[in-house]
Amino acid sequence: MTITSPHLGSPSSAWTDARLLYALEEVVETELNRHLKVAKDWMPHEYVPWSDARNFPGFWEDGEAWDKEQSKVTELGRIALVVNLLTEDNLPSYHHEIASLFGRDGAWGTWVHRWTAEEGRHGIVMRDYLLASRAVDPDQLEAFRMQHMSEGFESDNRHSMLHSVAYVAFQELATRVSHRNTGHQSGDPVCDRMLARIATDENLHMVFYRNLLKAAFELAPDLTMQSVRDVLVNFRMPGHGMPGFERAAAQMAIGEVYNMRIHHDDVLQPVLRHLKVLELDGLGPEGLKAQEEIGLYMGGLDAEALKFDEKLAARKARMAARAAGV
């Protein structure tokens, strides 16, 4: 990809958000057109087991109270599904964040609205599935939604368009991986199929932002490298503020839905490798420093993930021994 811009070669200090938005507009249009060619529209209602649904108590006299035994979804699947759905629920805040950063005009604006429309399907189909299949307590789910959305969401990277692009390049992949692993661990083939469909969307969103990040590296390599460094060392999933997130995240880590090893191997490494971030040359002093710090961070994260792997293996061995009556 070759970028032509009147600002090409400008020092990092010359790159404002406005200049970057203008310089990347053509790339956004190219990526938007590519996305629209490969993305397939789908119907959320086609993925929901409506025949399993029945009335809940309240308005309906024949309503049946929720009980976890009514669903085939595993306990781990139930926990991860709630986390994933509550994350999707904050879409209005996410839209506000990216619309404020990227604008509502031109190719940027078209992408913002298209992305929001596609993401909207995810919350629709997940909630319909959870209620129709009775996979979660509907009253608790609604209480969590109200609490989470009432607090809103503010991105750690809202101060910088470039930081935001770097963040979503990794976060969209993280979301894809989380959905996919949740489906595998759910115990329900219908749920697995639904989440696979969502994961396909998330992967296309990741490709869009990853390609945009590649263009930013060509345009302003030092500044982009610093943005990637900042995002990696401070990375948090967007659902970090939801009720009970820490406990749920711990259970998802142990259950191998999402943990440090997955974060390192399946999220950070693929993007860094694809963009050749650690091999990039032609950097200035600040870019070189950031590149070195990314390498050190990844090495440290891998070491921490190895410790986690060992603890997880020991836990599995203990549980197996207990099950065998040893």
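Start with the lining of the largest pocket: it divides into 17 nonpolar, ten polar and two charged residues. Here Ala, Val, Leu, Ile, Met, Phe, Trp, Tyr, Cys and Pro count as nonpolar, Asp, Glu, Lys and Arg as charged, and the others, Gly among them, as polar. The model is predicted: local features need pLDDT of at least 70, side-chain atom pairs count only at pLDDT 80 or more, and totals for chains, interfaces and linings use all residues. Residues are numbered from 1 along each chain as its sequence is written, and side-chain values use heavy atoms, with hydrogens and water left out.

A pocket is an open set of points on a 1 Å grid over the protein atoms alone, where a 1.4 Å probe fits, with protein on both sides within 12 Å along at least five of seven lines; lining residues have an atom within 4 Å of a point.

Now select helix 9. This helix gives six residues, the largest share of the largest pocket's lining. (Helices are DSSP runs of H or I, at least four residues, numbered from the N terminus.)

How much volume does the largest pocket have? About 600 Å³, counted as the space filled by probe spheres set on the points, which are joined across faces, edges and corners. Next, select Met237, Phe245, Ala249, Tyr258 and Asn259: of the 29 lining residues, these are the closest to its centre.

Move to the second largest pocket, with about 370 Å³ of space. Select Ile79, Val82, Gln140, Phe144 and Arg247, the closest to its centre of 19 lining residues.

Finish on helix 2, which supplies the largest share of the second largest pocket's lining, six residues.

Technical notes
Helix = DSSP H or I, 4+ residues; strand = E, 2+ residues; numbered from the N terminus.
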